[in-house]
Amino acid sequence: MPVVGGLDIHRAQLTFDYVDLDSGEVCRGRIVPADREHLRQWLGRFADRWEVAFALEGCTGWRYVVEELQRAGIEAHLAEPAETAARRGPKRRAKTDRSDAQLLRELLLEGRVPESWIPPQPVLEARALVRLSKDLLEERTGWWQRVHAGMFHMGAPVLQVKTMSPDGRGRMSEAQLSPATRTAVAVGMSQVDRLTADMVRLREQIATISRRQPACRALQAVHYGVGPLISVAIWSEMGDTRRFHSSDDAVRHAGLDVTVYSCDGRRTGGRLARQGPVVLRWALYEAAVYAGRSSSPDHPYFLQVNNRLDGQLALLSVARKLARRCHHTLRGLGDQVLAAAA
């Protein structure tokens, strides 16, 4: 490759370090400010060059940088941040943006970049929608908890009905609350209503993807407990599973594998790795919850683990089995797994 380099991404600037393999010249500097327009102008210097490649870490901001690299015909390599830091080795001096860019360039030259998958645009768009939906859900849950906490603090009786139901709202209005608590409850419920409306509109978009994308339809048809939202979440976060060597890699990618530390004959209890997409773990766990139903094909296995250990571990075990099955389903679709929603 005539030009090989690394890019370190920050909100204020992009730090570059690249080498011209024909002349041996090394160029270092910064692109300021760090935005799409200035990056596009800077990449113009490689318009008449061939076999140009840059490596960058998969941190916030990588998407627009990769898109501009690909637009300019430059080969982009997305490095996994944790593994990149591990390959730095023992730190002998202060870590800087220049040293990060240089490390990426050296790893790319040596063929040691810990490659991360670069999803196509439809997958990235679906992923953004699902992550936004989960963020809204968590925020709405937080407001609900504030409302219930405020009422409990004032000694209000338990509603015994859903907060969003007409009966629940009626009992909330009849509760004996202080003026400040009444204001807090009213504000909290208005936020819940706002977030609920946003979630409804957002999930309509997600449902459209689930109906039109072949992989999402396959996941819903084959796997019990996988509905429109969960299917899009699993598809967008797992993507093309042909990049995994086995279903064990899919479980590891989801962060559902159990890590064990052993040293000098001592062995600590296993814990979930939790390394990987949070949304994927959440989606697999939510689908596994349906194993508690008697109609689920995993119900006997769920009961077996539940009786031997406990319900939480049983759900995690079902989630791991579901991750393996989804891996095989997506892998079996071949190129259709990344087909655009028709």
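Select Arg 146 and Trp 143: the charged end of Arg 146 sits over the ring of Trp 143, 4.5 Å from its centre. A charge counts as over a ring if NZ of Lys or CZ of Arg is within 6 Å of the ring centre and within 35 degrees of the ring normal. The model is predicted, so that local features need pLDDT of at least 70 and side-chain atom pairs count only at pLDDT 80 or more, while totals for chains, interfaces and linings use all residues. Residues are numbered from 1 along each chain as its sequence is written, and side-chain values use heavy atoms, with hydrogens and water left out.

Select Trp 144 next. Trp 144 belongs to helix H5 (residues 121–153); helices (H or I, at least four residues) and strands (E, at least two) are DSSP runs, numbered from the N terminus. Trp 144 is partly exposed, because its relative accessibility is 22% and the classes are buried under 20% relative accessible area, exposed over 50%, and partly exposed in between (1.4 Å probe, protein chains only). Beyond its neighbours within four places in sequence, Trp 144 is in contact with Thr 163, Met 164 and Val 192, contact meaning heavy atoms within 4.5 Å. Tyr 224 is 80 residues from Trp 144 along the chain, and their C-alpha atoms are separated by 29 Å.

Now display the strands E1 to E5. They form an open sheet of mixed pairing, in the order E3-E2-E1-E4-E5; two strands pair if DSSP finds at least two bridges between them. Its edge strands are E3 (26–31) and E5 (75–79), each of which pairs on one side only. Neighbouring strands of this sheet are turned by 20° against each other on average, direction ignored. Helix H4 (residues 97–110) packs on the sheet and touches strand E1 (3–9), strand E2 (14–20), E3, E4 and E5. The direction of H4 makes about 140° with that of E1; axes are lines fitted to C-alpha atoms, for helices over the stretch in contact, and angles run from 0 to 180 degrees between N-to-C directions.

E2 and E3 run antiparallel and are joined by six bridges, with Arg 28 in E3 as the bridge partner of Asp 17. Their hairpin has five residues between the strands, and Gly 24 there takes a positive phi near 80°. Strand E4 (residues 52–57) pairs with E5 in the parallel sense over five bridges, and Phe 54 stands opposite Ala 76 in E5.

Select Phe 16, Tyr 18, Trp 42, Phe 46 and Phe 54, which ring pairs link into a cluster. Rings of Phe, Tyr and Trp (its six-membered ring) pair if their centres lie within 6.5 Å; planes under 30 degrees apart count as stacked, over 60 as edge-to-face and the rest as tilted. By this rule there are eight aromatic pairs. Tyr 18 and Trp 42 are edge-to-face, because their planes are at 70°, with the ring centres 6.1 Å apart. This pair links distant parts of the chain, Tyr 18 being in strand E2 and Trp 42 in helix H1 (residues 36–43), 24 residues apart. Both Tyr 18 and Trp 42 are buried.

Finally, show the whole protein. It has 13 helices and nine strands, and 43% of its 342 residues count as buried.
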